[in-house]
Amino acid sequence: MIIAIDGPAASGKGTLARRLADVLNLRHMDTGALYRGCAFEVLQAKGDPSNEQDALKGCKKLKEKIQSTPDLNIILGNPELRNDKVGNAASKLASISSVRETLKSIQIDFSCQEKKGFNGVILDGRDIGTVICPNAHIKFYVEADLETRAKRRLKELQSRGLDVTYNAVFAQMRERDDRDTQRDTAPLRAAEDAIVINTSDFTEDEVLEKALAYAKKVRGL
Ligand code: CDP
């Protein structure tokens with residue numbers, strides 16, 4: 001079984017994906033971490049994330065690391081990937097189609113591999129239901145209003161001891177939303193057959209409940 005979750009930054013898609021993975025016993029891939037991993041390599045090499053050659057070098061480095069590590073989550077779970085500088089750089093290189101093509105194969109490989117002991121996979125990102133897994137059995141599009149998302153991200157960054165302001169987080173998030181929704185290649189949008197969940201006024205538990213109720217209805221899970 002494949003579940004696809006898409007949505008903008010801090011919409012709650014990552015939380016929902018992790019919780020569904022737990023409850024339904026699925027392997028989970030946070031595909032944003034791939035773009036962040038690539039951006040991290042570019043920044044480490046003092047490159048420009050908007051430059052195709054620099055971005056592709058970052059992808060190559062990331063792929064080499066992935067191939068030489070047995071557990072993908074060790075690389076994608078690096079806490080250094082979570083800061084907003086890396087997130088912003090990720091959204092810049094994410095609009096380069098050759099970069100998307102390079103990272104696509106990692107995501108497709110993950111979604112196709114069957115692993116003993118699991119019931120399937122869940123991937124979250126921006127183009128999972130539309131490009132990476134158009135045949136996913138269940139698709140969710142998770143959204144929330146910009147103010148709510150900026151507040152959530154501010155809290156998250158402050159809890160990690162980072163010195164940030166609401167206005168700066170809000171502005172960066174709006175810039176990133178614009179870039180993600182307006183790019184030519186695989187822009188962020190809900191797949192036609194996705195169920196849309198707006199998380200602005202719901203707790204994490206309520207969002208999980210809604211998603212599980214839908215999964216039960218369409219797949220009998
Ligand atoms: O956690 P947050 O939602 O802030 O971002 P993320 O999911 O870690 O993704 C970082 C950036 O990578 C996004 O702003 C997108 O531009 C890009 N991305 C993408 O283009 N396609 C994906 N499947 C996942 C992320």
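## Terms and their grounds

Tutor: In this predicted model, the side chains of Arg126 and Asp180 are joined by a polar contact of 3.2 Å.

Student: What makes the pair of Arg126 and Asp180 a polar contact?

Tutor: The cut-off is a pair of N or O atoms within 3.5 Å. The side chains of Arg126 and Asp180 come to 3.2 Å, and the pair counts as a polar contact.

Student: Why is Arg126 called buried?

Tutor: Buried means under 20% relative accessible area. Arg126 has 15%, so Arg126 is buried. Arg126 sits in the loop between strand E3 (121-125) and helix H7 (128-132). Leaving aside neighbours within four places in sequence, the residues in contact with Arg126 include Asp6, Lys13, Arg176 and Asp180.

Student: Is Arg100 buried or exposed, and how do you know?

Tutor: The relative accessible area of Arg100 is 7%, so Arg100 is buried. Arg100 is found in helix H6. Not counting residues up to four places away in sequence, Arg100 touches Tyr35, Ala94, Asp127, Arg183, Thr185 and Ala186.

Student: Why does Asp109 count as partly exposed?

Tutor: Exposed means over 50%, buried means under 20%, and partly exposed is in between. The value for Asp109 is 46%, so Asp109 is partly exposed. Asp109 lies in helix H6.

Student: How do you know that the pair of Phe140 and Tyr214 is edge-to-face?

Tutor: The structure holds 2 aromatic pairs. In the pair of Phe140 and Tyr214, the ring centres are 5.7 Å apart and the planes are at 65°, so the pair is edge-to-face. The cut-offs are centres within 6.5 Å for a pair and planes over 60 degrees for edge-to-face. This pair links distant parts of the chain: Phe140 is in strand E4 (residues 138-143) and Tyr214 in helix H10 (residues 204-219), 74 residues apart. Phe140 and Tyr214 are both buried.

Student: Why is the pair of Tyr166 and Phe170 called tilted?

Tutor: Planes under 30 degrees apart count as stacked, over 60 as edge-to-face and the rest as tilted. The planes of Tyr166 and Phe170 are at 40°, with ring centres 5.9 Å apart, so the pair is tilted. Both residues lie in helix H9 (residues 166-182), 4 residues apart, about one turn of the helix. Tyr166 is at 27% relative accessibility and therefore counts as partly exposed, while Phe170, at 16%, is buried.

Student: What makes Lys210 count as lying over the face of Phe202?

Tutor: One condition is that NZ of Lys is within 6 Å of the ring centre; the other is that NZ is within 35 degrees of the ring normal. Lys210 is at 4.2 Å from the ring centre of Phe202 and lies over the face of the ring. Arg27 lies over the face of Phe110, at 4.5 Å from the ring centre.

Student: Which residues of H3 are buried, and how do you know that they line one face of the helix?

Tutor: The buried residues of H3 are Ala55, Gly58, Cys59, Leu62 and Ile66. Seen down the axis of H3, these residues fall within an arc of 100°, so they line one face of the helix. On the other side of H3, Gln53, Lys57, Lys60 and Gln67 are exposed. The cover over the buried residues of H3 includes helix H2 (31-44) and helix H6 (97-112).

Methods: Residues are numbered from 1 along each chain as its sequence is written. This is a predicted model: local features need pLDDT of at least 70, side-chain atom pairs count only at pLDDT 80 or more; totals for chains, interfaces and linings use all residues. Side-chain values use heavy atoms; hydrogens and water are left out. Buried means under 20% relative accessible area, exposed over 50%, partly exposed in between (1.4 Å probe, protein chains only). Helices (H or I, at least four residues) and strands (E, at least two) are DSSP runs, numbered from the N terminus. The arc is that of the directions from the helix axis to the C-beta atoms. Contact means heavy atoms within 4.5 Å. Rings of Phe, Tyr and Trp (its six-membered ring) pair if their centres lie within 6.5 Å; planes under 30 degrees apart count as stacked, over 60 as edge-to-face and the rest as tilted. A polar contact is a pair of N or O atoms within 3.5 Å; within protein, one must be able to donate a hydrogen and the other to accept it, and residues adjacent in sequence count only if both atoms are side-chain atoms.
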